[in-house]
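Hello,

I am passing on the structure that we talked about, together with a short account of what turned up when it was examined. Please open it beside this message and follow along as you read.

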Amino acid sequence: MNGVERPTEDSGGRVLLRSVRPYGTGEPVDLLAENGKIAAIGEGLDVEADEVVHAEGGVALPGFVDLHTHLREPGREDAETVESGSVAAALGGYTAVFAMANTDPVADNAIVVEHVRRRGTEVGLVDVHPVGAVTAGLGGTKLAEIGAMARSDAAVRVFSDDGHCVDDPLLMRRALEYTGAFGGVVAQHAQDPRLTPDAQAHEGGNAARLGLAGWPAPAEESVVARDCMLAGHTGGRLHVCHVSSAGTADFLRWWRSRQVRGGVSAEVTPHHLLLTDELLETYDPLYKVNPPLRTDDDVRSLREALASGVIDCVATDHAPHAEQDKDCEWSAARPGMLGLQTALSVLVRSMVRPGLLDWRGVARVLSEAPARIAGLADQGRPLEVGEPANIALVDPESEWTVHGTELAGTAVNTPFEGMVLPARVFATISRGRVTALGGKVEARGGRS
């Protein structure tokens, strides 16, 4: 892959991708984007274009959609902003992200969610969709202004107290009923707080040996079971955030076999597909995350569940932190990891290289399924003429070494520091515009 040509004459807002392989299959073809749509696909297209990207057989996929991103704005701009997070997303192949509600102030009202949406539009690199809080102030005692956020200019459809569990079953029932009335989704951080006081690591031999308070898998599994039953009872839509245990995957497999009313979907993070609690031996806070890294058996089960469709999609849980919140002793460090720029590569290493997913499977879990869950009509669409030109172009043969200081944004807390990963996003096209190319942001601002 050798870059881009920009003719001096205006060619009508066209971007031409030379020698791409849609979904990694077949012979390379050219793909033309014009006016935000895919205008033509074929061999040796003879057209003028504003930009010509030479892909040399790179894999073209629908632009990625992340249901679970922490952009920290408003309130913790020292860790991330909508702009820096949008840059990271574009460089990672994303064309839409969902910004979680645990900001300061909390995104529990129309004013805050409209601010986040507006900032995303101003930056103009990806579609930024704010996630509204389920409960006021993430306090878990009363519902937030769900209706007002849904009716606002931000048109919120996904609601979550992520970072906190909606552990009151009556509140969770009401949230499912309320959001179900307008097709919304409740995304649950499944963690029974009564089973995880001061939890620091997966409850098991490693935590006991290291003297860290345990985070037992049943604290996740029991909440998932309860909420699936509530979704079935109410007909509401439940999305399970960051599945981390084999037991949760087993329950979801059984639940789906029952074909009950209501909708249940689930995500897994890249780090839970690759890393285990054995890394905690060094007490390095880079590996502290919630839910925690678990065992080899859990990782194998999560990979199998993702491959089979029991888990629908991959979501990054991209969680940047300021230096003082990670460069400290384990107990004081905040949980969370960067993920937007490494997600594709980790997925290739954990799922594609072992033969669990092909490139169409990658499109399913990074693009199509998350767009479907969130109800995005213009994302995760097929790479066909007439469809929106939201495209991630991947160099499948490249290898790169991860260094937090070289990633976008001010935070550096990647758990993949120093790791050599396969494949990398070479270019991102969002609504027909090249937003990232060759590791650099190409365009921003002016989105509608």
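The lining of the second largest pocket is made up, by class, of 7 nonpolar, 4 polar and 4 charged residues. Please keep in mind throughout that this is a predicted model, and that this pocket has a volume of about 220 Å³.

The largest pocket, for its part, has a volume of about 540 Å³. Its lining consists of 27 residues, and Asn102, Asp162, Gly163, His164 and Asn290 are the ones that lie nearest the centre of the pocket. When the residues of this lining are divided by class, there are 6 nonpolar, 14 polar and 7 charged.

Turning to the chain as a whole, the secondary structure of the protein chain comes to 12 helices and 19 strands. How does the radius of gyration of the protein chain compare with what the globule rule gives for 448 residues, and what follows from that? The radius of gyration is 21 Å, close to the 22 Å that the rule gives, and the chain is therefore as compact as a globular protein of that length. Along the principal axes, the C-alpha atoms of the protein chain fill a box of roughly 65 × 45 × 45 Å. Of the 448 residues, 62% count as buried, while the accessible surface of the chain comes to about 16,600 Å², of which 48% belongs to carbon and sulfur atoms. If you consider contacts between residues at least 6 apart in sequence, 74% of them join residues that are at least 24 apart.

Finally, here is a single residue to look at in detail. Lysine 37 lies in strand 4, which covers residues 37–42, and is partly exposed, because its relative accessible area of 41% falls between the 20% and 50% limits. Leaving aside residues up to four places away in sequence, lysine 37 touches Leu32, Gly386, Glu387, Pro388 and Ala389. The C-alpha atom of lysine 37 is separated by 27 Å from that of valine 131, which is 94 residues away along the chain.

With best wishes

Definitions and conventions
Residues numbered from 1 in each chain as written. Predicted model: local features only at pLDDT ≥ 70, side-chain atom pairs only at ≥ 80, totals over all residues. Heavy atoms only, no water. 1 Å grid on protein atoms, 1.4 Å probe; cavity = no way out; pocket = protein on both sides within 12 Å on 5 of 7 lines; lining within 4 Å. Points joined across faces, edges and corners; volume = space filled by probe spheres on them. Nonpolar A, V, L, I, M, F, W, Y, C, P; charged D, E, K, R; others polar. Helix = DSSP H or I, 4+ residues; strand = E, 2+ residues; numbered from the N terminus. Rg over C-alpha atoms; globule rule 2.2 N^0.38 Å. Buried < 20%, exposed > 50% of the residue type's maximum accessible area, 1.4 Å probe, protein only. Contact = heavy atoms within 4.5 Å. Areas by Shrake-Rupley, 256 points an atom, 1.4 Å probe, with all protein chains shown as cover.
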